[in-house]
Amino acid sequence: MTQLSVGIIPLSADRLERLPICGFHRWLFAIIALAFFFDNIDLATMGFLLGSIKTEFGLTSAQAGLLASASFVGMAAGALMSGALADRFGRKLIFQTSMIIWGAASYLCSIAPDATWLAIFRALLGVGMGMETPLAQTLLSEFVPAKSRGKYLALMEGNWPIAFICAGVLSDCVLWNYDWRTVFFLEAIPAFFVLCIRWVVPESPRWLDARGRHAEAAAIMDRIEKIIMRRLKVSVLPTVAITASPAAQAEKGHGGLRALISPAYRKRTVMISGLWFFALLGFYGLNTWLGALLQQSGLDVTKSVLFTVYISLGGIPGFLSAAWAIERWGRKVTCLVTLVGATVGVYVFGQTLSMSLGGNISLVAGAMMQFFVFGIWCILYAYTPELYPSRARASACGFASFCGRIGALLGPTIIGIIIPMSNSMGPFIFGAVCFTLAALVVFLYGVETKSSSLEEIST
C-alpha cells in the first residue's frame, strides 16, 4: 500500500499529505460542511423571527435585543469549552456532542412557554453552535492535504451567506401558515444528522498521533487508504515522504490553552484573537442593525427584509472568490484584501444611504459590501487552524471563536448607542474602523501558511 524505509513507521501527517484529493475528501467535506450549514441556519434564523417573538411575548426593544444576544453568550462559552475538550478527548466525540446539544435546544425553543425560557434555550443552543464551529474547521483541516486545505475550509465557511438566505426563505414560507415555533422545530430535525457523523467521519489520526496513540492512528489511516484506492481503482498510492520517526515527530510542550500563550505562539494568538474580535465586532454590529438602518433611511419593513436578502447574494461570489484567492495569493494577502475591501465597501454603502442616492445604487453598493464582508469569514476559518499544532489546534480555534463571539455580543450594543448620538453615517464609520483594525493586526503579526503542511507551520 505504501513504500516505506526499513525500520521507520510514518505518522499520519506524512500519509495524509501525500494522498490525492478524491471522492473521500469531497464526501468528508460534504458531511462536515452540511452540519456546519444547519448550524448557520439556526444562527441566522433569529434575525427573521425576532419581530414575531417580540409581538407574542410583548417585549420592549431592549428586551428583544437581550433575547437576540442570548445565542452569542452560549456560543462564547461553547467555543471556549469545546476546544479544550476536543484536544483532550478527541474531535469526533465532542463534534457529535455539540450537534446533540443544538438539536435538543432548538426543539426546546419551539416549546418555550415565555421569553425567559426562550432566552435560556437560545443560550443552550448557542453552546451547541459554539462547540461545533471550531471543531468543524479543526476536523477538516486535519484531513485535507496542504495543497487543497485552504480552499476546502473557505468553501465550508462560505455557506454562511447561503444559510442566511435559506433561513430567510424558510422563515418566510413557514410564517405564512404557522408560527415561529414551527421554524425552531423544523431546525431541530437535522440533529439526526449526527448519526452520519458517527458512522462516516473517523477520529482525526493527527490528533491520535499527538496523543501518542499511534496504533489507532495507523489503523484509521489503513482504512482511509483502502477507501481511496478503491475509489481511484489503483493498487498503490504515492510514496510516503518520511519527515521523521514517530519519536522525533511527537509533539512536545504544553497542549490546550496553555500552548496559545507560550513564547512560540504568543504573537499568532494576539493576531488571530484580534482578527476575530474586530471582524465580528464590525460584522454583527452592522448586520444586526441593518434592517433598522434601512428602515431609518426610508424603506418599509417588508422592503428592508427583501433588500437585506438581495444584497446578501453578493456574499456568494464573495466567498467563492476568497476560496480561490487563498490558494493563489496566500492567506495573509487575501485576508488583508478582503478586510480593506470591507472597510471601503461599508463606508461607500453608508454614503449611498445617507445621501439617498437611489435604490439601485444602494443595492449595488450593498452587494459589494457583502462581497467582501462574507469573504472575510472564509479567511477566518481557513487561516485559524493552520497556525497551531495538533495538541492545541482545537483549543486555538475555540479561543479565536470565543474572542469573535465577545465582539458579536458588543457590536450590536455599541451600534445601538451610536445611532442616537450621531448622524446616519455613524454605524458605518464604526464598522469601517473595526475592519481597519482587524487588517492592521494581520499586517503586523500575520504569517503566511499557503501550501505548507500543518506540521511545518506549527514548528
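How many Å should the 29 residues of helix α5 (residues 115-143) span, and how far apart are its end C-alpha atoms? Everything comes from a predicted model, where local features need pLDDT of at least 70, side-chain atom pairs count only at pLDDT 80 or more, and totals for chains, interfaces and linings use all residues. Residues are numbered from 1 along each chain as its sequence is written, and side-chain values use heavy atoms, with hydrogens and water left out.

**View 1. Helix α5 from end to end.** Where α5 starts, a side-chain oxygen of Asp114 comes within 3.1 Å of the backbone nitrogen of Thr116.

**View 2. Trp180 and Phe184, an edge-to-face pair.** A search of the whole structure turns up 18 aromatic pairs. In this one the ring centres sit 5.9 Å apart with the planes at 80°, so it counts as edge-to-face. (Rings of Phe, Tyr and Trp, the last by its six-membered ring, pair if their centres lie within 6.5 Å; planes under 30 degrees apart are stacked, over 60 edge-to-face, the rest tilted.) Trp180 and Phe184 are four residues apart in helix α8 (residues 180-188), about one helical turn. Both are buried.

**View 3. Tyr284 and Trp377, a pair across two helices.** The ring centres of Tyr284 and Trp377 are 6.0 Å apart and the planes meet at 85°, so this pair is edge-to-face. Tyr284 belongs to helix α14 (residues 266-296) and Trp377 to helix α18 (residues 359-383), so the pair ties together parts 93 residues apart in sequence. Tyr284 and Trp377 are each buried. Ring pairs also link them with Phe72, Phe283 and Phe374 into a cluster.

**View 4. Cys335 and Cys403.** Cys335 is buried at 2% relative accessible area, and Cys403 counts as buried at 12%. The structure holds zero disulfides (pairs of cysteine sulfur atoms within 2.5 Å).

Conventions
Buried < 20%, exposed > 50% of the residue type's maximum accessible area, 1.4 Å probe, protein only. Expected span 1.5 Å × (residues − 1). Polar contact = N/O pair within 3.5 Å; in protein donor to acceptor, adjacent residues only side chain to side chain.
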